[in-house]
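Dear colleague,

Here is the structure I promised to pass on to you. Please open it beside this message, and then read the notes below with the residues in view.

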Amino acid sequence: MKKIFSLMVLCISILSFAQTKAPFVGHRSFDIIEGFSGSGTPHYYLDVKKNGDVYFGFVQVNQADSTETTEEMNAGKYNPKVMKVDFKKYGENFYVKFDKDNIYLTDKEGNIQKSEDCCSSMESATADICTCESKLYK
């Protein structure tokens, strides 16, 4: 009976691990909310480690004096449903989910957000509201 129970626990553990495997390992950049000229919008990135830990960070250059502000935080193990990003320097926090090619701004339940702030300057001319997403760039 102990062997059967141990085998079941092992199988469940393997299945759980397989379901949460990150879609890639490495560094990717993204810009979900488009910046307009002179805004000094931060450039975000994520870094997925081999062990499944996901780090989010940003680099922001002050347009006036060229000073650079950076921050990186560990968001925990990869979660395909939703991940919380919590930057301390500017008190900024948001939720995202990502796959191999794209990242999406979501609510805390993982529903993809739509906003006029997510429209590029080209999209702003033709759309009032856009899906908050970005390609992940190597």
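Predicted model: local features only at pLDDT ≥ 70, side-chain atom pairs only at ≥ 80, totals over all residues.

Side chains of opposite charge can pair when their charged atoms come close.

The count of salt bridges comes to 3, and another of them joins the side chains of D47 and K49, with N and O 2.9 Å apart. Here D47 is buried, at a relative accessible area of 17%, whereas K49 counts as partly exposed at 34%.

In the salt bridge between K77 and D53, the closest N and O atoms are 3.2 Å apart. Because K77 lies in strand β4 (residues 68-77) and D53 in strand β3 (residues 53-61), this pair ties together parts that are 24 residues apart in sequence. K77 is partly exposed, with a relative accessible area of 49%, but D53 is buried at 15%.

Beyond its neighbours within four places in sequence, V96 is in contact with several residues, including I32, F56, M83 and Y104; the C-alpha atoms of V96 and M83 are separated by 5.4 Å, although the two residues are 13 apart along the chain.

As for the whole protein chain, it holds 2 helices and 10 strands, and buried residues make up 31% of its 138 residues.

Notes
Residues numbered from 1 in each chain as written. Heavy atoms only, no water. Contact = heavy atoms within 4.5 Å. Helix = DSSP H or I, 4+ residues; strand = E, 2+ residues; numbered from the N terminus. Buried < 20%, exposed > 50% of the residue type's maximum accessible area, 1.4 Å probe, protein only. Salt bridge = Lys/Arg side-chain N within 4 Å of Asp/Glu carboxyl O.
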